[in-house]
Structure formats: structure tokens, C-alpha cells
Amino acid sequence: MKVWSRGIARVTMLVAAAALLMLALAACGGGGGDSNGGGGGEAGAITVNMSEFKFDPGTIQAKTGEITFNLVNKGTVAHDMHIEIPGNPQTSPLVEPGKSATWKVTINDAGDYEIWCTVQGHREAGMEGTLKVGS
Ligand SMILES: [Cu+2]
């Protein structure tokens, strides 16, 4: 069951990646206007803006189950988002400056989870926060 649903999640991600690629190709035709943020990302996704050195919002509210993040890097260096899930810590792909990424994580237990950026020195500089998962 768990393996099966993971497979579905993987297929969903591939479909999402393909859709993003098509969007990117379409955007290229327009010439230069790289408009990330502001309505971008998947429906129901939680947008988290990353910059030096913070997550905005710093406290993120979510519901148990599959959580979709729209990670937007508004900074000038690469950032990622790590969620300290006991026994199952998760780290997003690295998001380059000016880019965004859709990232899905499944959390079945309600609670508060620490988040931080794993790029060296960023957490120490204040790039951390809390993910509050409610049922
Ligand atoms: Cu960072």
C-alpha cells in the first residue's frame, strides 16, 4: 500500500515536471519575462519564499497527508528546505536563485516540525522555521 502510493506520487511528480517543462518552453517564446511567484505553482500548493536568510512565512501551516510546497527562491544564492520528520527527514531539491520548485512530502502525524535550509551556514544565519501540521 505504502509502496503503491509512493509509485503514484512519483508518477504525479513526473506529470507535474512535464507540465512545468511545457510551461517553461511556452514562457521562452515570450522572451525574458521570468515571472515566478504570484499565483505560480500547483493548485493547493503552499508557497514558501526563500531568501538570505529566511523562510517566508517562517511558520508554515499544513494538513496531514501529502503536502505540496511551491518553493520560490527570491534570493541571490541557492536554497533548499529540510523538514526534520523523526525517522524520515526530508530535504527538498536545491532551488537556484530566481527559480521555483514544486516539492511533495507526506506527513501522517500532526505536530510541529523544524525546518531549515541545509546549505552550509544558512541555518546558523537564521534560515529556519516551523512547519505546523494539523489533522
Ligand atoms: Cu539557504
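A residue counts as buried if 20 or more other C-beta atoms lie within 10 Å of its own, as exposed if 12 or fewer do, and as partly exposed in between; the C-beta atoms are placed from the backbone. Helices (H or I, at least four residues) and strands (E, at least two) are DSSP runs, numbered from the N terminus.

This is a predicted model: local features need pLDDT of at least 70, side-chain atom pairs count only at pLDDT 80 or more, and totals for chains, interfaces and linings use all residues. Residues are numbered from 1 along each chain as its sequence is written.

Start with the overall plan. The protein has one helix and nine strands. From the N terminus on, the order is α-β-β-β-β-β-β-β-β-β. Of the 135 residues in the protein, 20% are buried. Two residues are in contact if their C-beta atoms, placed from the backbone, lie within 7 Å. Among contacts with a separation of 6 or more, 61% join residues 24 or more positions apart.

Now look at strand β9, residues 128-134. In a regular strand the side chains alternate between the two faces of the sheet. In β9, Gly129, Leu131 and Val133 point to one face and are buried.

Which strands pair with β9? Two strands pair if DSSP finds at least two bridges between them. Strand β3 (residues 59-63) pairs with β9 in the parallel sense, over five bridges. Here Ile60 has Leu131 as its bridge partner. Strand β8 (residues 111-116) pairs with β9 in the antiparallel sense, over six bridges. Here Trp116 has Glu128 as its bridge partner.

Turn to an open sheet. Four strands form it, in the order β2-β1-β4-β7, with mixed pairing. Strands β2 (54-56) and β7 (100-107) stand at the edges with a single partner strand each, so one side of each has no neighbour in the sheet. From one strand to the next, the twist averages 30°. Strand β4 (residues 65-73) pairs with β7 in the antiparallel sense, over eight bridges. Within this pairing, Phe69 stands opposite Trp103 in β7.

Finally, check the loops on either side of β2. Most peptide bonds are trans. Where are the cis ones described here? One joins Glu52 and Phe53, with omega about -10°. Phe53 is found in the loop between β1 (46-51) and β2. Another joins Asp56 and Pro57, with omega about 5°. Pro57 lies in the loop between β2 and β3.

How values were computed. Axes are lines fitted to C-alpha atoms, for helices over the stretch in contact, and angles run from 0 to 180 degrees between N-to-C directions.
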